[in-house]
Amino acid sequence: GPIVYMEKMAAGERFADLLDLDKPLGQIVEAIAERKGSEPNDVMAVVLDRPRHEEGIAAIRAAGGRCQLITDGDVSGALNAVAPDRAADFLWGIGGTPEGVITAAAIKCIGGALVGRLWPRDDEERASAEAAGYDLGRVLTHDDLVRGEDVFFSATGVTDGDVLQGVRYEGGRGASTESLVMRSRSGTVRRIQSRHDRTKLRELTGYAGG
């Protein structure tokens, strides 16, 4: 559609019912802290480090929460927030709409919740969306964004992150990668460590690059 960005909030199953885009972020922090039985300074939010998020970051910190600022990739940021073995408690921010759909697919596989709302960047984008029939006030869930019940998600790390290890080169020939593969129907989550023979791959593909 015509809207490039959406405001998003994501969390694991423990905090899924606390997500609310219409509540002040400070109240979200306090609600999560209460659910955890801890102080707000034990609550960690994943947020893209962007000027448009300065007020939100300030609100989270004013409530006592902490922010894990990331430079790129709110899909991996959301996975970091929903996975039960990670330090983050929720993700908040305004990021790409396509990434919101990809995140919704991942959450349908791994569990948790995502809520999002389209965020027009200017009056022209708002007018285009309204002319196309979009309801800009509607809060979308992960089930709205991805309706199917047999969803697959796959990702491979390129650079190191909180969710996946990046590519490791082994001399002039070998390389290793880490991938995450999930399916919603079975609830299966796989981490796959792969070793690649770059010389043979070049022979097969005809690609002469690195």
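## Pockets

A pocket is an open set of grid points with protein on both sides within 12 Å along at least five of seven lines. In this predicted model, the largest pocket has a volume of about 420 Å³. Its lining numbers 22 residues. S76, T159, G161, V163 and L164 are the ones that lie nearest the centre.

Which elements supply at least two residues each to this lining? They are β3 (66–70), α3 and β7 (152–156). Helix α3 gives the most, with 5 residues. By class, the lining of the largest pocket holds 9 nonpolar, 10 polar and 3 charged residues.

The second largest pocket has a volume of about 250 Å³. It is lined by 16 residues. Nearest its centre lie G12, A81, V82, A83 and P84. Here the lining divides into 8 nonpolar, 3 polar and 5 charged residues.

## The cavity

Empty space shows up when a probe the size of a water molecule is rolled over the atoms.

How many cavities of 30 Å³ or more does a search of the whole structure find? The search finds 1. The volume of the largest cavity is about 40 Å³. Its lining consists of V46, V47, L48, D74, L91, W92, G93, I94 and G95.

The largest share, 5 residues, comes from β4. Sorted by class, the cavity lining has 6 nonpolar, 2 polar and 1 charged residues.

## Packing of α3 on α4

Helix α3 spans residues 74–82, and helix α4 spans residues 97–110. The two pack at an angle of about 25°. Their axes are 9 Å apart. Angles under 35 degrees count as roughly parallel, so α3 is roughly parallel to α4. The crossing of α3 past α4 is right-handed.

Which residues make the contact? From α3 come D74, V75, A78, L79 and V82. They meet E99, I102, T103, A106, I107 and I110 in α4. By class, this contact has 8 nonpolar, 1 polar and 2 charged residues.

Helix α3 itself packs with α4 and gives the most to the lining of the largest pocket.

Key:
Residues are numbered from 1 along each chain as its sequence is written. This is a predicted model: local features need pLDDT of at least 70, side-chain atom pairs count only at pLDDT 80 or more; totals for chains, interfaces and linings use all residues. Side-chain values use heavy atoms; hydrogens and water are left out. Axes are lines fitted to C-alpha atoms, for helices over the stretch in contact, and angles run from 0 to 180 degrees between N-to-C directions. Helices (H or I, at least four residues) and strands (E, at least two) are DSSP runs, numbered from the N terminus. Angles under 35 degrees count as roughly parallel, over 145 as roughly antiparallel, 65 to 115 as roughly perpendicular and the rest as oblique. A crossing is left-handed if the near helix is turned anticlockwise from the far one by less than a right angle, and right-handed if clockwise. Contact means heavy atoms within 4.5 Å. Ala, Val, Leu, Ile, Met, Phe, Trp, Tyr, Cys and Pro count as nonpolar, Asp, Glu, Lys and Arg as charged, and the others, Gly among them, as polar. On a 1 Å grid over the protein atoms alone, a cavity is a set of points where a 1.4 Å probe fits but cannot get out, and a pocket is an open set with protein on both sides within 12 Å along at least five of seven lines; lining residues have an atom within 4 Å of a point. Grid points are joined across faces, edges and corners, and a volume is the space filled by probe spheres set on the points.
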